Amino acid sequence: MDTIQKYKEVFINHLQVTEDQLSTLTYQSVSTWDSVGHMGLMANLEDAFDIMLDTDDIIDFSSYVKGKEILAKYDVKL
Amino acid sequence: MRVVDAIWEKRNLGVDCKEIVIEDSDFITVVKKKELLLLNTPYVVVKVPVNRFDINTYLSNLGFTYIEGSINFQLRLFEAKLLPLQERLNKVVEYREMESKDLTGLYTEIHNGLFGTDRIILDPYFTKEQAAQRYCNWIADELERGSQAYKITYKTDTIGFFTFKQIDEGVFYPFLAGLYKKFESLGMGFTTLRKPIDESIARGGKMISTYASTNNLPVVRSHTQQGFLLNNLQYVFVKHN
C-alpha cells in the first residue's frame, strides 16, 4: 500500500469517515474527532508510519491537510 | 424528596427558583402534593432518578421540559488510566494554583463562552451572560468556602483550568474544569480531567466524584476513557411559570 493510501486509511478507519470527507476534515468537524479521538488518531499514525510525533506537532495536527505538512517533517512523503 | 430553595439563583438569574430532587423511593402521590409549587414558582428544576417513567410523564404533562441528564462519575484513583500518548503529553503539561490575576483571566474566558452545554445557556429564558455570570459566582463562592482553582499550562500558555474541592476524607470533587477557547482545538482536553487526578494522588486521596452533562458528549467520552465509572444518573426537567 502506498503512503497516501495508508494515511487515508488511518483517518477512515479510526474516525469512521468516508474518503470524500477527508479533504475538508478538521478537528471537531465530526463527533469522532474530539479530544479522545485525537489521541487515538495520533497513536495510529505513529504506528502506521513508525514515527514518534513531537508534542507541538500533536497539538498542531488540526486537519487532514495540516497533517500532511506535519508528517513531511518526519520524512513521510504523501 | 428534597425541596431546595435555590436562593443563589435569584442572584445569578434574577428569578425565584426551587430545586426538587426526587428520590428512588418517592411515590408519585408525594410528588403530586407539590403541584402548586411546581406550577407557581417562577423557575423550577426537578431532578428525577432513572426508571421513574411515572414521574417523567407527570412532569411532561405539567409542561416541564427535559433539558439534560446529570451523570455522577466516580473514579477510584488506582483505576485512572491514560493512553501512552496521553502519558507523554501529560508530562509536558503543568498546573499551578491560581492567583488573583489568573482568576480574572478565567472569568474573562467564561464570559467569552467557555461553557456551552449547561441547562442555563441552553434555556432560551436565560442569556449567555447570565449563564456565564452564574459560573463566575459559583467559583467565587466555592473559593470563599476554601476550595481551590488551578491553571493548566503548556509552555508559557495557560490552556485551561480546574477547580478542586474536598467533599469527604480522600474524596475530591473538581466541580468545574475546561479548556480555554484558543486552545480547545489542540487535543489537550483530557488534561482538564487528568490534572485533578494528579492533584488528588498528590494529596493522598482515594477517589474523585464529579458530574457531567449528557449534553456534552466529548466530556462524557473523556471520563469513560480515563477510567471513570458512571455512579448515578438523574434526568433534569425545568419549567418557567
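Predicted model: local features only at pLDDT ≥ 70, side-chain atom pairs only at ≥ 80, totals over all residues.
Which residue forms a salt bridge with B:R134, and how far apart are the closest N and O atoms?

View 1. The domain assignment divides chain B into domain 1, residues 2–70, and domain 2, residues 74–232. Between the C-alpha centres of these two domains of chain B there are 27 Å.

**View 2. Where domain 1 of chain B meets domain 2 of chain B.** Here 13 residues of domain 1 of chain B are in contact with 15 residues of domain 2 of chain B. Together the two domains bury about 1300 Å², with 45% of that area on carbon and sulfur atoms. On the domain 1 side, the most area is lost by B:L13, B:I67 and B:E68, which together account for 39% of what that side buries.

**View 3. Salt bridges and polar contacts across the interface.** And here is our pair: B:R134 forms a salt bridge with B:E9, and their closest N and O atoms are 3.0 Å apart. Across the interface of the two domains of chain B, the rule finds three salt bridges. It also finds nine residue pairs in polar contact there.

**View 4. What the domain 1 side is built from.** Helix 1 (7–13), strand 3 (43–49) and strand 4 (65–76) of chain B each supply at least two residues of the side of domain 1 that touches domain 2. Strand 4 of chain B gives the largest share, five residues. Sorted by class, this side of domain 1 of chain B has six nonpolar, three polar and four charged residues.

Methods. Residues numbered from 1 in each chain as written. Chains lettered and ligands numbered in written order. Heavy atoms only, no water. Domains from an automatic or database assignment. Contact = heavy atoms within 4.5 Å. Buried area = accessible area lost by both parts, 1.4 Å probe. Salt bridge = Lys/Arg side-chain N within 4 Å of Asp/Glu carboxyl O. Polar contact = N/O pair within 3.5 Å; in protein donor to acceptor, adjacent residues only side chain to side chain. Helix = DSSP H or I, 4+ residues; strand = E, 2+ residues; numbered from the N terminus. Nonpolar A, V, L, I, M, F, W, Y, C, P; charged D, E, K, R; others polar.
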